[in-house]
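Dear colleague,

I am handing over the structure below, and my notes on it follow directly after. Please read them with the coordinates open beside you.

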Amino acid sequence: MKSLVLKYRFEFLIILLVLLTLWPLTFHIYIPKWDNLDAYLPYRHGVGEMIVQGEWHLWSPFHYLGYPPYSDLQSGAWNPIVWLLTFIYGAYELNALVTELLLCYIVAGIGMFRLAGTLFTNDKIAFILGISYALSGFMVNSSQLMVFLLGVAYLPWVCLWLYKLLNTFKWKFVILLAITIALHTTSASPAYTILLTYFCVATVIYVFIRKRKSHYNYKKAIIQLVISLFLVVLLILPYLNAFFEFAPYFNRIEEMPLEQFLVNPFTPNEYISFIYPFSTVSSDDLFINSSRTLRNGYFGIVGLTLLMIAIIRLRTSRILTLLIGIFLSLYLAWGYNNGIYEYLVHLPGIGTFRHPSIYRTFTIFFALLAAGYALKHIVDSNNVYITLKRSMIYWSIFAGITLFISFFFTSWEMIFSALEGVVNFVESPEQSIGTFIFINGLVLIIGILLAFALRKFFKVSLLVSLIVFSVFDLVINTQLSGPSTIYNTSSYRELEEYFDNLPEEINQSHNETPMKELDHRKGVPAVSGIWVNLSIYNKQLAYNGINPLRFKNYDEAENNGDLDFVVQEPLFFVPSRLRKEHDTIQSGLIWGIDKPYSVSEINKMQINNSIISNNAFSVFIDNSSDQTQYLGFNQNYHHLWQVKLNGENLEVNKINSMVMGVKIPPNSFGEVAFKFVSPRTTWTALIAFISYLISIGLLIFWYWTTPKSSVSSSHKE
């Protein structure tokens, strides 16, 4: 154990720092914010129930008139980490969500540490970059968007395994690359999957160009890349199947208008976050164009200093490439219609997601790598003392000027009030931006004095003092921004008790209630901290909700009035009226009835005993009329619905622009059973499961059969 701790001491230190820095989550004091609870927990909770019950939950009727959760690209339905957390906790509830959120920071930090260790062969340099990446402004301010954090977290791992594959041709890296891309794809926002694809292609092209003058084995590299890609497909096969089954109905698969695409940019106004990250939680007009959670690009004073040194002193092709990446990602993150987006949105996948500010992920990533090359150059040239001393002097002067000028725009009362708000976890203290800048300048001064004291009185090495300064800088800035961007101060215990008391059975009491009365948050037990999608937790029908994944037919029906029309009816109904009053229903007008018939005939259709089950619905009908009648079913139309009357198949049709129904033959009675079936889901999931087992088995086999010296050298590559 001692040997293990010593060998991985920096990885353990990153884990410890993350857990202590985010202590309100680690020790279950407070809960995560906003989208984590509203947009991710409800669907992961449903996935967890599926796992615990051992039954595919292919259809959920509890919001938006039903949707297939297995096709939700942000639900984690096909992500092994979500499955593992569910097994550990026995359900996917608040504990599992917090654990997954903390893992985002840990995975990001260790990933960057391992990548930097491979590139720079110096654990101290790698540690500085690792903790700077884990606690960067993106990770801190965008904490409520866990699917964004997952995209950031897996990026250095993908880069690491891709780099090692292209440089060593070892088969274990083929598998590790495939597993990492699969974990990224099945957990992160689809926007990040699209960007990762372009990043990997650009990286491979860059490596191939750099190797053009050497005796590089291009054939073997291409073969291994193709095999890795094939393995990725096997690992995410159920995810791909679920996506393609829902693709014809997905409201976000088509190219969106440019004005929607450019929402939440990272403009030059937000560049202040590179030095003053605390200022970005303010509501100052400077940040009027972007959300508070999408405007911070901080990667540490040390990282910024080293980046400037790299720009000034290093003229290598690697640095030039990284600088191109930095400026290109900043340009794309700017987001304004500056000409390039008119063409960019037409690239495959690019025009389907919003928030150009996510490109700052690559700004931070490339900037830290450039900083690593600069620090490596300084260490190797034995120029550490002079460089760091000068940098300390420059930053001291800058911080002093900052404190002097910003104080004219604040006061001691405002400064203490803002700090008191941080201590008391007040969200976004109502202070001028000068107050936030003054506090950031003060943090910088204290950090410099701390590093100087360590060097002067405790005789620690320059790199160690640099590490301490980096940790202090990043940890304190996380504490300053955390109350506004990470923590919801609702009671953790109260929310846990809420989950403990959730019903196990589906609520059948509203099956006859008009859908308009079934709201996703009204009329269901509520709790502080969760304000939407309460119907999902309580297994109650709802006609609305909050989720990026919706049927495009639902959105169309909301616009053309069909939604208002159908929500007048309960789950099962007989079409008995149109938007305008008519004595008879005309053929094909709305419901597609074969021929006109009177409303009095409709009243001969009786509906009783409707039941909701997992993936299935049933109702007993009695059509005593001599005419065929429609049975309406207030759930979104999908081609995978199957319907039977007393065991005999019925054809499912749309009866307006969104919901469905079936024709009930004249003078018939019995049970009508609706069932949602996805025949490919089981076998695609089985293939993915077997592929994971074989891949992990091969990695374990290679690990135990590889000489220990080789393992050690591999760790230090």
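Thr121 lies in the loop between helix H6 (94-120) and helix H7 (123-134), where helices (H or I, at least four residues) and strands (E, at least two) are DSSP runs, numbered from the N terminus. The phi of Thr121 is near 45°, a positive value in a residue other than glycine. At 52% relative accessibility, Thr121 counts as exposed, given that buried means under 20% relative accessible area, exposed over 50%, and partly exposed in between (1.4 Å probe, protein chains only). Such a phi deserves a second look, because most residues other than glycine have a negative phi.

Before going further, please keep in mind that this is a predicted model, in which local features need pLDDT of at least 70 and side-chain atom pairs count only at pLDDT 80 or more, while totals for chains, interfaces and linings use all residues. Residues are numbered from 1 along each chain as its sequence is written, and side-chain values use heavy atoms, with hydrogens and water left out.

A positive phi is also found at Tyr64, where the value is near 55°. Tyr64 sits in the loop between helix H4 (35-53) and helix H5 (80-89), and Tyr64 is buried, with a relative accessible area of 9%.

Turning to the sheets, there is an open sheet of 5 strands in the order S6-S7-S13-S9-S10, with antiparallel pairing; two strands pair if DSSP finds at least two bridges between them. Its edge strands are strand S6 (605-613) and strand S10 (648-650), each of which pairs on one side only. The twist in this sheet averages 25° from one strand to the next, with axes being lines fitted to C-alpha atoms (for helices over the stretch in contact) and angles running from 0 to 180 degrees between N-to-C directions.

Within that sheet, S6 and strand S7 (residues 616-623) pair in the antiparallel sense over 7 bridges. Met605 has Asn623 as its bridge partner in S7, and Ile611 stands opposite Ser618 in S7. The hairpin of S6 and S7 has 2 residues between the strands, and there Asn615 takes a positive phi near 70°.

An open sheet of 4 strands has the order S3-S8-S12-S11, again with antiparallel pairing. Strand S3 (572-573) and strand S11 (652-654) are the edge strands here, each pairing on one side only. S3 is joined by 2 bridges to strand S8 (residues 629-636), the two running antiparallel, and the bridge partner of Phe573 in S8 is Gly632.
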